[in-house]
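The following exercises concern a predicted model. Please work through each task before reading its solution.

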Amino acid sequence: MSKSDELPEESLLHAYIASGDYLDVFSVSLEGRTDLQTADMRVVADHMLNADIGWMKSLLAMRDKMAAPLGMKTTADLARDQRAGPVSERHAGDRIGFFKVYDIREEEIVLGENDWHQDFRLSIFRTSGDRPRIFAATCCKRHNAFGYLYLALILPFHRKIVTTVLDTAVGSPVRGVQMPGLAP
């Protein structure tokens, strides 16, 4: 079960965060999920960001209908920039889901988007050892009053989405990888 947490000290997101930025961090245990403990971070991000959560897709569709007339980027706008090919071959500047990749390390991937109202970054960070965990940290840099309003409106949904995505990803098999005890 996912929980609110602290951003690990080693996270690349520390270099991005500035005073006044919004930050939240959630994590979930990776115990028993050796596939997620050892998979390429691009594969982990793809597994998380493409989780099949029906109500989340409905919320994103509703968000896009309201965002487009305001000149905000929609998920369809962003997905058009997606390049074909294996996700494990994506690099900075490519997309995973509708998120742009900013940096990839062995234990972390930083994704996000810049828009007129706010810029945001999503760090997916993994720890190993006796208590392996996966962290999802979101940082938002608001540019104007609308950025503050937008964030205030989406936060209750954002938190539920992040925790559901973490729990769903850890509870479901990675495409193409069969793990004992997990239904195909």
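**Exercise 1.** Determine how many bridges join E6 to strand E7, and in which direction the two strands run.

*Solution.* Begin with the extents: strand E6 covers residues 118-127, and strand E7 covers residues 133-142. Next, count the bridges: 10 bridges join E6 to E7, and the two strands run antiparallel. One example of the pairing is Leu-122, whose bridge partner in E7 is Thr-138. Finally, consider the connection: E6 and E7 form a hairpin with five residues between them. Within that turn, Gly-129 has a positive phi of about 95 degrees.

**Exercise 2.** Describe how E5 is joined to E6.

*Solution.* Strand E5 spans residues 108-114. Seven bridges join E5 to E6, and the strands run antiparallel. Among the paired residues, Ile-109 has Ile-124 in E6 as its bridge partner. E5 and E6 form a hairpin, with three residues between them.

**Exercise 3.** Explain why strand E6 is described as largely enclosed by the rest of the structure.

*Solution.* A residue counts as buried when its relative accessible area is under 20%. Nine of the 10 residues of E6 are buried, and therefore the strand is largely enclosed by the rest of the structure.

**Exercise 4.** Is Glu-113 buried or exposed, and with which side chain does its own side chain make a polar contact?

*Solution.* Glu-113 lies in strand E5. Its relative accessibility is 8%, so Glu-113 counts as buried. The side chain of Glu-113 makes a polar contact with that of Arg-95, at 2.8 Å. As for Phe-98, it is 15 residues from Glu-113 in sequence, and the C-alpha to C-alpha distance between them is 9.0 Å.

How values were computed
Residues numbered from 1 in each chain as written. Predicted model: local features only at pLDDT ≥ 70, side-chain atom pairs only at ≥ 80, totals over all residues. Heavy atoms only, no water. Helix = DSSP H or I, 4+ residues; strand = E, 2+ residues; numbered from the N terminus. Buried < 20%, exposed > 50% of the residue type's maximum accessible area, 1.4 Å probe, protein only. Polar contact = N/O pair within 3.5 Å; in protein donor to acceptor, adjacent residues only side chain to side chain. Pairing = 2+ DSSP bridges.
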